[in-house]
Amino acid sequence: MPTTLTSSQTKCPKCNKRIPKNRPKIYCAICDEIKHFSCQGLSKMDAEYIVHNKVSWTCIDCITEILPINACRKPKGSSPATFKVQCSSCKGYCYSQTNIRTCNHCDNTVHAKCFKNDLGCIACCEAMIPG
């Protein structure tokens, strides 16, 4: 742990804001940088415990660099795959696989609300039953 602080060390590298003198100063054991406890997801009580007991603490940035915590996450900006099927009867869209049916007569995909069991979809019902 550094014994003297320079002006650049009194700024949190995550938010680039000054760390007040009256706040607990926590140092990462790996990168040896001072961090805001709030930027690291710690409470003031947690930070005071780390400082008072001289706990060897590792910041979030170093942990994520060392461990593959975010390896399975999709990059920012990429949207999750969505399910979207157009109903051949009402021409609306269905966004859930549980709400689609296949018509027995025309083999088209329709909403559950547009499906009339053995009669098939609404379009087939209207074609078969006039009026």
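**Note on the predicted model: a salt-bridge network and its surroundings**

1. Glu33, Lys35 and Asp61 are linked in a network of salt bridges, a salt bridge being a side-chain nitrogen of Lys or Arg within 4 Å of a carboxyl oxygen of Asp or Glu. By this rule the count comes to 2 salt bridges. Side chains of opposite charge can pair when their charged atoms come close.

2. Residues are numbered from 1 along each chain as its sequence is written, and side-chain values use heavy atoms, with hydrogens and water left out.

3. On confidence, the protein chain has an average pLDDT (the predictor's confidence in each residue, from 0 to 100) of 79, and 82% of the residues score at least 70. Among the elements, the highest mean pLDDT, 89, belongs to helix H1 (residues 44-52), and the lowest, 82, to helix H3 (residues 122-128). Over residues 1-8 pLDDT stays under 50, and for this stretch the model has 10 contacts beyond four places in sequence; a contact means heavy atoms within 4.5 Å.

4. The protein chain holds 3 helices and 6 strands. Helices (H or I, at least four residues) and strands (E, at least two) are DSSP runs, numbered from the N terminus. Along the sequence, the pattern reads β-β-α-α-β-β-β-β-α. Of the contacts between residues at least 6 apart in sequence, 25% join residues at least 24 apart.

5. The protein chain has 131 residues, of which 24% are buried. Here buried means under 20% relative accessible area, exposed over 50%, and partly exposed in between (1.4 Å probe, protein chains only). The chain exposes about 9600 Å², and carbon and sulfur atoms supply 53% of this area. Accessible areas come from the Shrake-Rupley method with a 1.4 Å probe; for residues, only the protein chains shown count as cover.

6. Lysine 35 forms a salt bridge with glutamate 33, where the closest N and O atoms are 3.3 Å apart. With a relative accessible area of 1%, lysine 35 is buried, whereas glutamate 33, at 35%, is partly exposed. In the salt bridge between aspartate 61 and lysine 35, the closest N and O atoms are 3.4 Å apart. Aspartate 61 lies in helix H2 and lysine 35 in strand E2, so this pair ties together parts that are 26 residues apart in sequence. Aspartate 61 counts as partly exposed, at 34% relative accessibility.

7. Histidine 36 lies in the loop between E2 and H1 and counts as buried, at 11% relative accessibility. A polar atom of the histidine 36 side chain lies 3.4 Å from the backbone oxygen of arginine 18. Beyond its neighbours within four places in sequence, histidine 36 is in contact with Cys12, Cys15, Lys17, Arg18, Ile19, Pro20 and Ile26.

8. Most residues other than glycine have a negative phi, and most peptide bonds are trans. Aspartate 32, found in the loop between E1 and E2, has a positive phi near 60 degrees; this residue is partly exposed, with a relative accessible area of 39%. Lysine 54 has a positive phi near 50 degrees and is found in the loop between H1 and helix H2 (60-66). Lysine 54 is exposed, with a relative accessible area of 67%.

9. On the surface, Ile30, Ile63, Ile66 and Leu67 form a nonpolar patch with about 350 Å² of accessible area together. Patches are made of residues with over 30% relative accessible area and no salt bridge; like charges are joined within 9 Å and nonpolar side chains (Val, Leu, Ile, Met, Phe, Trp, Tyr) within 5 Å. Isoleucine 30 is placed in the loop between strand E1 (26-27) and strand E2 (34-35).

10. Lysine 21 is in the segment before E1 and counts as exposed, at 77% relative accessibility. From C-alpha to C-alpha, lysine 21 and threonine 10 are 8.6 Å apart in space, and they are 11 residues apart in sequence.

Definitions and conventions
Predicted model: local features only at pLDDT ≥ 70, side-chain atom pairs only at ≥ 80, totals over all residues. Polar contact = N/O pair within 3.5 Å; in protein donor to acceptor, adjacent residues only side chain to side chain.
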